[in-house]
Amino acid sequence: MREPAIKYRIVRRSVKHPRLELWGDELRIIVPENMDPLKVMRDNRRWILRQAEFVKKASSIARSLKLIPRTRKKFKALVQKAVKEYEKLLNLNVNKVFIRKMKSCWGSCSSERNITINREAQFLPEKLVRYIVYHELCHLIRWRHDKEFNELVSREFPDYERLDLELQAYWIKLREMQKVDSGLKLS
Ligand SMILES: [Zn+2]
């Protein structure tokens with residue numbers, strides 16, 4: 001069987017341990033300066049293949065996705081409403097909510113209990129926006145993406161694996177559209 005192809009980039013950095021990150025549809029392999037990247041890839045073969053399969057699946061559904069026309073103001077209101085609702089549900093408090101352009105993820109949270117939501121989520125279906133917010137709030141309870149974290153997420157979003165795939169697909173779609181956009185500007 002042919003292995004699914006994946007774009008990857010090897011990044012040399014002065015780190016102690018190798019790290020693998022998925023940036024959109026590109027896999028970044030962060031390699032300590034004294035380590036052989038091929039060894040890192042061999043050691044993490046299963047993880048790499050799983051990510052490649054995930055990206056391949058997401059690419060195939062990206063074409064059929066529709067962007068939702070929504071104003072910035074409506075998007076902000078939607079995020080704030082979801083934050084309020086999930087604060088109550090999870091019995092916690094968020095400090096500040098930021099909406100910003102982010103290069104590598106849909107959302108993040110900090111130890112100061114601030115959450116940041118990617119501005120590009122403006123064009124996503126409501127369920128996905130709510131899912132991003134809920135995911136970030138769950139990180140205020142559980143930092144790592146471990147079993148307990150997934151259990152917490154699945155209480156509200158039992159189909160979270162499908163939603164992760166859709167988020168990945170939207171990510172690919174938005175990237176592709178930007179490529180087209182910048183191409184048009186150049187000509
Ligand atoms: Zn997370």
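View 1. Ala62 is found in helix α2; helices (H or I, at least four residues) and strands (E, at least two) are DSSP runs, numbered from the N terminus. The model is a predicted one, in which local features need pLDDT of at least 70 and side-chain atom pairs count only at pLDDT 80 or more, while totals for chains, interfaces and linings use all residues. Residue numbers start from 1 along each chain as its sequence is written. With 19 other C-beta atoms within 10 Å, Ala62 is partly exposed. That class lies between buried, for which 20 or more other C-beta atoms lie within 10 Å of the residue's own, and exposed, for which the count is 12 or fewer, with C-beta atoms placed from the backbone. Leaving aside neighbours within four places in sequence, the contacts of Ala62 are Ala169, Ile172 and Lys173. Two residues are in contact if their C-beta atoms, placed from the backbone, lie within 7 Å. Ala62 and Ala169 are 107 residues apart along the chain, and their C-alpha atoms are separated by 4.6 Å.

View 2. The protein is divided into domain 1 (7-62) and domain 2 (72-186), with bounds that come from an automatic or database domain assignment. Taken over C-alpha atoms, the centres of domain 1 and domain 2 are separated by 23 Å. Domain 1 gives 10 residues to the contact and domain 2 gives 8 residues. On the side of domain 1 that touches domain 2, the largest share, 7 residues, comes from helix α2 (residues 45-62). By class, this side of domain 1 has 6 nonpolar, 2 polar and 2 charged residues. Here Ala, Val, Leu, Ile, Met, Phe, Trp, Tyr, Cys and Pro count as nonpolar, Asp, Glu, Lys and Arg as charged, and the others, Gly among them, as polar.

**View 3. The open sheet β1-β3-β2.** In this order, 3 strands form an open sheet with mixed pairing; two strands pair if DSSP finds at least two bridges between them. β1 (7-13) and β2 (19-23) stand at the edges with a single partner strand each, so one side of each is left without a neighbour in the sheet. From one strand to the next, the twist averages 25°. β1 and strand β3 (residues 26-32) run parallel and are joined by 7 bridges. Along this pair, Val11 stands opposite Ile30 in β3, and Ile10 has Ile29 in β3 as its bridge partner.

**View 4. The hairpin of β2 and β3.** The two strands pair in the antiparallel sense over 5 bridges. Trp23 stands opposite Glu26 in β3. The hairpin of β2 and β3 has 2 residues between the strands, and Gly24 in the turn has a positive phi of about 60°.

View 5. β4 and strand β6 (residues 115-118) run parallel, joined by 4 bridges, and Phe98 stands opposite Thr116 in β6. Axes are lines fitted to C-alpha atoms, for helices over the stretch in contact, and angles run from 0 to 180 degrees between N-to-C directions.

**View 6. The protein as a setting for the close-ups.** The secondary structure comes to 6 helices and 6 strands, and from the N terminus on the elements run β-β-β-α-α-α-β-β-β-α-α-α. The radius of gyration of the protein is 18 Å, close to the 16 Å that the globule rule gives for 187 residues, so the protein is as compact as a globular protein of that length. The radius is taken over C-alpha atoms, and the rule is 2.2 Å times the number of residues to the power 0.38. Along the principal axes, the C-alpha atoms fill a box of roughly 50 × 45 × 35 Å. Of the 187 residues, 22% count as buried. Among contacts with a separation of 6 or more, 46% are between residues 24 or more positions apart.
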